[in-house]
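The sequence and the model come first.

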Amino acid sequence: MRVIFSTSEPLSPPNYPRWREIAEGARSYLSSREAQTLLDTWLAAGSGGCPPARGDILPESMARILSDIWLMNYEPQGARLRYRLVGENIRARYDFPLVGKCIDEILAPEARDRVLGYFRACVEQPAVSIVAGRLYHEWERPGYGERLLLPLIARDGTPEGLVGITICRQTFPSRPVAEIRAKRVTSILPLDGSPASEDAS
């Protein structure tokens, strides 16, 4: 379910009493040191009953993994996510600049609903979103690894965006080979304690 936040009324400060426990549970889904480092950085930046805000995430705190990181702003009126910062390893996969573009502008039609589903869930529920296994499936040469998305929430409860990391350990020669050798598992862990969901393909 997609939730669009109205800016006409002040929002109550968010309170997710189990957010840290739930996010710590995401650790068992991760295999890369880099994704674990981002999770640790994000957890350390949060406080009390709320995950970190955009201003709490400082690039210098992620210097060792910055090349694999991206940062997105959330635009609630259109429920759009716009790239604000993109690491060099992410940028190298595209033949056009990502900064300033919305993710819905660059997705292949067959990937649109699936990818927007877990990106928006991260911000709008909010939730920790994880993709493990096959990555960039719609590309000519898909990859294998993991992707972690973490929400950024202002102190008044406004969803501000997300910070994410993609670690690609292997590249397959073609889509058919990738489909045979690797599955893709998408997991969404809502921070309000609602049941986690998982989709394998």
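Ser129 lies in strand E3, which spans residues 127-135 (strands are DSSP runs of at least two residues, numbered from the N terminus). This is a predicted model, in which local features need pLDDT of at least 70 and side-chain atom pairs count only at pLDDT 80 or more, while totals for chains, interfaces and linings use all residues. Residues are numbered from 1 along each chain as its sequence is written, and side-chain values use heavy atoms, without hydrogens and water.

Ser129 has 0% relative accessibility and therefore counts as buried (under 20% relative accessible area; exposed is over 50% and partly exposed in between, with a 1.4 Å probe and protein chains only). Its side chain reaches the backbone oxygen of Tyr118 at 2.9 Å. Beyond neighbours within four places in sequence, the residues in contact with Ser129 include Tyr118, Cys122, Arg147 and Ser187 (contact: heavy atoms within 4.5 Å).

## Aromatic pairs

The structure has four aromatic pairs (rings of Phe, Tyr and Trp, the last by its six-membered ring, with centres within 6.5 Å; planes under 30 degrees apart are stacked, over 60 edge-to-face, the rest tilted). One of them joins Tyr94 and Phe96: the ring centres are 5.7 Å apart and the planes stand at 65°, so this pair is edge-to-face. Tyr94 is buried at 18% relative accessible area, whereas Phe96 is partly exposed at 29%.

The rings of Tyr118 and Phe119 have centres 5.2 Å apart and planes at 35°, so they form a tilted pair. Tyr118 is buried at 2% relative accessibility, and Phe119 is buried at 3%. Together with Trp70, Tyr118 and Phe119 make up one aromatic cluster.

How values were computed
Helices (H or I, at least four residues) and strands (E, at least two) are DSSP runs, numbered from the N terminus. A polar contact is a pair of N or O atoms within 3.5 Å; within protein, one must be able to donate a hydrogen and the other to accept it, and residues adjacent in sequence count only if both atoms are side-chain atoms.
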